[in-house]
Amino acid sequence: IPGSMDMEKLSKWFEEYMALNGTKILRIKGILSIQEMKHKIIIQSVGRDYHISQGSLWAQGQNRESKIVFIGSRLKKTAIKEGLYTLLVEEQNQELK
């Protein structure tokens, strides 16, 4: 997903998604670009238990993007993708439309 995400929107979306789908999730792994953060954000989960940590710095000139993998059963790929795109900082979200 190109661009940076809004941390507040991400937190709300992720909490809601896990509450509704936590029993379907086996693993989540990702590297996220968050607006105004100089470091990559690492997200990992096993089932409903997840951990977010700070990764390495984004390199100067590096394209900021988020990559996240959901592993589970009966997950709706389109709904996940659409939900993640709504988390992009508004200016970037408009450019994608």
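## A tour from the E65–K67 salt bridge

Start by selecting E65 and K67, which form a salt bridge with their closest N and O atoms 3.7 Å apart. A salt bridge here is a side-chain nitrogen of Lys or Arg within 4 Å of a carboxyl oxygen of Asp or Glu. E65 is partly exposed, at 32% relative accessible area. K67 is exposed, at 55%. Buried means under 20% relative accessible area, exposed over 50%, and partly exposed in between (1.4 Å probe, protein chains only).

Before moving on, note that this is a predicted model, in which local features need pLDDT of at least 70 and side-chain atom pairs count only at pLDDT 80 or more, while totals for chains, interfaces and linings use all residues. Residues are numbered from 1 along each chain as its sequence is written, and side-chain values use heavy atoms, with hydrogens and water left out.

**Next stop: the other salt bridge.** The structure holds 2 salt bridges. Select E8 and K12: they form a salt bridge, with the closest N and O atoms 3.3 Å apart. Both residues lie in helix α1, 4 residues apart, about one turn of the helix. An α-helix has 3.6 residues a turn, so residues three or four places apart point the same way. E8 is exposed, with a relative accessible area of 54%. K12 is exposed too, at 57%.

Select residues 7–21. Helices (H or I, at least four residues) and strands (E, at least two) are DSSP runs, numbered from the N terminus. α1 has 15 residues and reaches 20 Å from its first C-alpha to its last, close to the 21 Å expected at 1.5 Å a residue. That expected span is 1.5 Å times one less than the number of residues.

Colour L10, W13, F14, Y17, M18 and N21: these are buried in α1. Seen down the helix axis, the buried residues of α1 fall within an arc of 125°, so they line one face of the helix. The arc is taken from the directions from the helix axis to the C-beta atoms. What do the buried residues of α1 pack against? They pack against β1, β2, β3 (49–57), β4 and α2, with contact meaning heavy atoms within 4.5 Å. Turn to the face away from the buried side for the exposed residues E8, K12, E16, A19 and L20.

**Then α2.** Select residues 77–85; the buried residues of this helix are I80, G83 and L84. Down the axis of α2, its buried residues fall within an arc of 95°, so they line one face. Their cover includes α1 and β4 (67–72). On the other side of α2, T78 and E82 are exposed.

**Stay with β4.** V69 is found in this strand. V69 is partly exposed, at 46% relative accessible area.

**Finish in two loops.** Select R74, in the loop between β4 and α2. R74 has a positive phi of about 55° although it is not a glycine. R74 is exposed, at 64% relative accessibility. Last, go to E36, in the loop between β1 (25–32) and β2 (39–46). Its phi is positive as well, about 65°, although E36 is not a glycine. Is E36 buried or exposed? At 75% relative accessibility, E36 counts as exposed.
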